[in-house]
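Hi,

Here is the structure I promised to pass on. Have a look at it first, and then read my notes below.

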Amino acid sequence: MGASLPVLEERGLSHNMMNNQPPLVGVVMGSQSDWPVMQHAVAQLQAFAIPHEARVVSAHRTPDLLFEYAEQASERGLRCIIAGAGGAAHLPGMVAAKTPVPVLGVPVPSRHLQGQDSLLSIVQMPKGIPVATFAIGEAGAANAGLFAVALLAGTDPALAERLQQFRHHQRDTVLAMTLPETP
Ligand code: RP5
């Protein structure tokens, strides 16, 4: 439990976000350039105090590391993995292929096709190896984080209560909204 991947840590590409607690959620992304999007998943995990880690793992540039990470995920105690990538986004599907741990895929906006390629790469998994796929970009990353919270809340009543309070806060915010008066 809680084993580290030293190569990434040495290069500053790995970060355990809650020291002294083994991560329950792994957040991986294909490049450091994915962080502006994927940080929105991490922000949700932080808001609900979920032990987690964030790491750069590239499907096509570090395939051996991807296999190592995915193969160790279950024994390390990860309950789900949020995987974000852009372009021909193999990362979530390949992670899912190598672990029974549920994988939540986040399509990162790409330079030329604005993430539509990422979305289709992730969502169109052939039957047999599922990846739960979220919206392109920040909303998808945040919702993947919230989905991970909901998964964990199934066995954690205190967390379920915090999630309910979050939903109530959103409800109350919308109920308090007003529109400008029209003549
Ligand atoms: C993918 O290629 C990454 O997930 C990223 O979205 C995209 C571009 O990577 P960089 O060229 O910015 O490293 O592997």
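A word on the ground rules: residues are numbered from 1 along each chain as its sequence is written. This is a predicted model, and local features need pLDDT of at least 70, side-chain atom pairs count only at pLDDT 80 or more, and totals for chains, interfaces and linings use all residues.

Let's start with the ligand. Around it sit M29, G30, S31, S33, D34, S58, A85, G86, G87 and V108; a residue counts as near a molecule if its C-beta atom, placed from the backbone, lies within 6 Å of it. This shell has six polar residues, three nonpolar and one charged.

(Buried means 20 or more other C-beta atoms within 10 Å of the residue's own, exposed 12 or fewer, and partly exposed in between, with C-beta atoms placed from the backbone. Helices, H or I of at least four residues, and strands, E of at least two, are DSSP runs numbered from the N terminus.) In a regular strand, side chains alternate between the two faces of the sheet. Here V25, V27 and M29 point one way, while G26 and V28 point the other.

Which strands does β2 pair with? It runs parallel to β3 (residues 52-56), joined by five bridges, and parallel to β4 (residues 80-86), again with five bridges; pairing takes at least two DSSP bridges. M29 has V56 as its bridge partner in β3 and G84 in β4. Together with helix α2 (residues 35-47), β2 and β3 form a right-handed β-α-β unit, meaning that with the strands pointing away from the viewer, the path from the first strand over the helix to the second runs clockwise.

A49 has a positive phi, near 55 degrees, without being a glycine, and lies in the loop between α2 and β3. A49 counts as exposed because it has 12 C-beta neighbours inside 10 Å. Q114 also has a phi near 55 degrees and is in the loop between β5 (103-108) and α5 (116-123). With 14 C-beta neighbours inside 10 Å, Q114 is partly exposed.

Cheers

Conventions. Ala, Val, Leu, Ile, Met, Phe, Trp, Tyr, Cys and Pro count as nonpolar, Asp, Glu, Lys and Arg as charged, and the others, Gly among them, as polar.
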